[in-house]
Amino acid sequence: MNSTPHPRIAIVGAGLGGLTCARVLQRHGRSVTVFEREASADARPQGGTLDMHADTGQAALGAAGLLDRFHALARPEGDEWRVLDFATAALLTRQGPTPDGGRPEIDRGLLRGLLLDSLAEGTVRWDRAVSRVTPRADGTCRLHFGDGTAEDFDLVVGADGAWSRVRPALSPAAPHYTGVTFVETGFDHCDTRHPDLARLVGNGSMLAKGVGRSLVAQRNSNGHIRAYIALRAPQDWHLAAGIDPGDRQAVQAHLLRMFDGWDDSLRYLLRSGDSGFTHRALFVLPAPHTWEHVPGVTLLGDAAHLMPPVGLGANLAMLDGSDLAHALVAESDVGAAVRAYESIMLPRSIEAATASAQGLDHLVPATAS
């Protein structure tokens, strides 16, 4: 039993799931502290665009009291997918947007900012890197920080992503490489500077795929298009190719050779980006990933169920955060609340892991269909 009228709750990681959990807790008058290793909210770019699903991400935003503000920032027209033939760039299929705007898009940075602005001042402690956590015999958990200090809490929530420092307290599982790498680039002021690409992509996302390689481009806000060159390749593919991943011209030349035979309007994504190439190897946790309940600690989001980025991860992380917060509000005993949350989250994540793996296979086929 770990029952206290004012439990000390720590969330490690100021990502979407952790911030959602903190917001819902505060809406119900509960105290919570978020520890984030980055120095500030704008320490690094937050990535591309996300589609928020009605039954997951939007449900969590509703629980956080932020749905109206979300809709004011979101782009319902962004819920469009165009699939093009790789050899001709002819339109093969077009889906969405749905008439009810069921999966509006929003830039990850805007969504994170919305959540951060909703929290009480001082909730997030920046530049507080957690090195490890230690569950204690009395059911509490000790947070150890990189500066050598430590603090004790009734519950520590690992919302610290793929390489979680909290996860080892619950599970020995570690992420493994999927065999797919995304090479990212970007285009600014597309409607004026890259009008042909803007027309090709449309209002949402564009996909052209061959065997073992695909091109994906997505509209972001402010006229930006983010492009991903998706490759089935060893994680160290650049070594075999004899190129430095930081050498933009060498990477570009290699990619152009890999996409020889593709329509020239699609190869524009490789030739004409306004930024360099950022390499993102995709990792996942083993599935199913479960653990025996440990008093004083739990996980949410990528720390619990790291999946390929095919539209499920952010939505599930936010739903995890909302569900955990509601369980903590409903139960006077922290341990009972965590058990209730894990009994919902873990089975849900197993189903989602299967769906996301299938989504990655669809995005970057390993064989000809």
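1. Thr-134 first: the bridge partner of this residue in β9 is Arg-142. Keep in mind while looking at the pair that this is a predicted model. The strands involved, β8 and β9 (residues 141-145), run antiparallel and are joined by five bridges.

2. Zooming out from that pair, β8 and β9 belong to an open sheet of three strands, ordered β8-β9-β10 and paired antiparallel. The edges are β8 (130-135) and β10 (150-153), each of which pairs on one side only. From one strand to the next, the twist averages 20°. As background, strands in a sheet pair by way of backbone hydrogen bonds, in a parallel or an antiparallel fashion.

3. Now for some backbone geometry worth a look. Ala-89 is not a glycine, yet its phi is positive, at about 65°. You'll find Ala-89 in the loop between β4 (81-84) and β5 (91-95). Is Ala-89 buried or exposed? Its relative accessibility is 15%, and the cut-off for buried is under 20%, so Ala-89 counts as buried.

4. His-189 is another non-glycine residue with a positive phi, here about 45°. Its setting is the loop that runs between β12 (176-187) and α5 (190-193).

Key. Residues numbered from 1 in each chain as written. Predicted model: local features only at pLDDT ≥ 70, side-chain atom pairs only at ≥ 80, totals over all residues. Heavy atoms only, no water. Helix = DSSP H or I, 4+ residues; strand = E, 2+ residues; numbered from the N terminus. Buried < 20%, exposed > 50% of the residue type's maximum accessible area, 1.4 Å probe, protein only. Pairing = 2+ DSSP bridges. Axes fitted to C-alpha atoms, helices over the stretch in contact; angles between N-to-C directions.
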